[in-house]
Amino acid sequence: MTLQSKMNVNAKPALDNMKTEVANELGLANYNTMDKGNLTARQNGYVGGYMTKKLVEMAEQQMSGK
């Protein structure tokens, strides 16, 4: 079973929006239309890493009741 098949279908648009926002913050404009194969592994990794960081921060805030 793949990660995509386990993902909540309703969460996908929100995660796609978050990915675009993070990429823009990192200076990767037009990330949705960009050929990801032309990016370095570091650039692609930064996007995923910052998304994970933000998701963990959001979960911590929810768990703390804020």
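Residues are numbered from 1 along each chain as its sequence is written, and side-chain values use heavy atoms, with hydrogens and water left out. Because the model is predicted, local features need pLDDT of at least 70 and side-chain atom pairs count only at pLDDT 80 or more, while totals for chains, interfaces and linings use all residues.

**Salt bridges**

Searching the whole structure gives two salt bridges (a side-chain nitrogen of Lys or Arg within 4 Å of a carboxyl oxygen of Asp or Glu).

Select Lys12 and Asp16 to begin. Their closest N and O atoms are 3.5 Å apart, in a salt bridge. Both residues belong to helix H2 (residues 12-25), and because they are four residues apart, about one helical turn separates them. Helices here are DSSP runs of H or I with at least four residues, and strands are runs of E with at least two, numbered from the N terminus. Lys12 is partly exposed, at 42% relative accessible area, and Asp16 is also partly exposed, at 30%. The classes are buried under 20%, exposed over 50% and partly exposed in between, with a 1.4 Å probe and protein chains only.

Next, select Lys54 and Glu25, whose side chains form a salt bridge at 3.0 Å, N to O. This pair joins distant parts of the chain: Lys54 is in helix H3 (residues 41-64) and Glu25 in helix H2, 29 residues apart. Lys54 is partly exposed at 26%, whereas Glu25 counts as exposed at 56%.

**Rings**

Move to Tyr46 and Tyr50 in helix H3, four residues apart, or about one turn of the helix. A search of the whole structure finds one aromatic pair. Tyr46 and Tyr50 form it, tilted, with 6.3 Å centre to centre and 45° between the planes. For such a pair, ring centres of Phe, Tyr or Trp (its six-membered ring) lie within 6.5 Å; planes under 30 degrees apart are stacked, over 60 edge-to-face, and the rest tilted. Tyr46 is partly exposed at 42%, and Tyr50 is partly exposed at 37%.

Now select Tyr31 and Lys36. Lys36 lies over the face of Tyr31, 4.5 Å from the ring centre (NZ of Lys or CZ of Arg within 6 Å of the ring centre and within 35 degrees of the ring normal).
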